[in-house]
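Look over the sequence and the model first, then read on.

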Amino acid sequence: MAWSRYEDVPLEYGVYRGRLVRGRAIRRVPHRQFAWTPHKFKEGERIDLVADTFYGDSFMWPIIADANPEHFWWGDFEPSDVIRVPYV
């Protein structure tokens, strides 16, 4: 299995529209204030590359994802989109 920040989250079962469904309980990150710097995406850039640039570790991309909850899918960025990169 590919690495996922949700791989250790237990499966949950529930009923949706009369059908039994299975899924993972995605953790909700509480709103809190943090210091950050803006970053403007460049052509061909990905969130893991941004994490590697700022933190020296591409696997720290979830920190950036958690700081930008308005972005659901990280593959849809256009050049010049601006995100928050927290200081760690």
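Is S58 buried, partly exposed or exposed? At 25% relative accessibility, S58 counts as partly exposed. Buried means under 20% relative accessible area, exposed over 50%, and partly exposed in between, with a 1.4 Å probe and protein chains only.

This is a predicted model: local features need pLDDT of at least 70, side-chain atom pairs count only at pLDDT 80 or more, and totals for chains, interfaces and linings use all residues. Residues are numbered from 1 along each chain as its sequence is written, and side-chain values use heavy atoms, with hydrogens and water left out.

**Overall layout**

- The chain has 2 helices and 4 strands. Helices (H or I, at least four residues) and strands (E, at least two) are DSSP runs, numbered from the N terminus.
- Starting at the N terminus, the order of elements is β-β-β-α-α-β.
- The chain has 88 residues, and 23% of them count as buried.
- Among contacts with a separation of 6 or more, 43% join residues 24 or more positions apart. Contact means heavy atoms within 4.5 Å.
- The accessible surface of the chain is about 7,100 Å². Carbon and sulfur atoms hold 54% of that surface. Accessible areas come from the Shrake-Rupley method with a 1.4 Å probe; for residues, only the protein chains shown count as cover.

**Helix α1 and its buried face**

- Helix α1 spans residues 47-55, and I47, V50, A51 and Y55 are buried in it.
- These buried residues line one face of the helix, because they fall within an arc of 100° seen down the axis of α1. The arc is that of the directions from the helix axis to the C-beta atoms.
- An α-helix has 3.6 residues a turn, so residues three or four places apart point the same way.
- The buried residues of α1 pack against β3 (36-40), α2 and β4.
- L49 also lies in α1, but L49 is partly exposed, with a relative accessible area of 36%.
- G56 follows α1 and has a positive phi, near 75°.

- S58 sits in the loop between α1 and α2.
- Leaving aside residues up to four places away in sequence, S58 touches D48, A51 and D52.
- S58 and I47 are 11 residues apart in sequence, and their C-alpha atoms are 8.3 Å apart.

**The salt bridge**

- The structure holds 1 salt bridge. A salt bridge is a side-chain nitrogen of Lys or Arg within 4 Å of a carboxyl oxygen of Asp or Glu.
- R46 pairs with D48 in a salt bridge, and their closest N and O atoms are 2.8 Å apart.
- Side chains of opposite charge can pair when their charged atoms come close.
- R46 is partly exposed, with a relative accessible area of 45%. D48 is partly exposed at 21%.

**The nonpolar patch**

- L11, Y13, V15 and L20 make a nonpolar surface patch of about 480 Å². Patches are made of residues with over 30% relative accessible area and no salt bridge: like charges are joined within 9 Å, nonpolar side chains (Val, Leu, Ile, Met, Phe, Trp, Tyr) within 5 Å.
- β1 gives the most to this patch, with 3 residues.
- L20 belongs to strand β2 and is exposed, with a relative accessible area of 67%.

**Loops with positive phi**

- R17 is not a glycine, yet its phi is positive, at about 50°. R17 lies in the loop between β1 (11-16) and β2 (19-24). At 74% relative accessibility, R17 counts as exposed.
- S80 is not a glycine either, and its phi is positive at about 85°. S80 is in the loop between α2 (61-67) and β4 (82-86). Its relative accessible area of 46% makes S80 partly exposed.

- D81 is found in the loop between α2 and β4. D81 counts as partly exposed at 27% relative accessibility.
- D81 touches H39, K40, F41 and D76, not counting residues up to four places away in sequence.
- D81 and F41 are 40 residues apart in sequence, but 5.5 Å apart in space, C-alpha to C-alpha.
- A polar atom of the D81 side chain lies 2.9 Å from the backbone nitrogen of E78.

Terms used:
A polar contact is a pair of N or O atoms within 3.5 Å; within protein, one must be able to donate a hydrogen and the other to accept it, and residues adjacent in sequence count only if both atoms are side-chain atoms.
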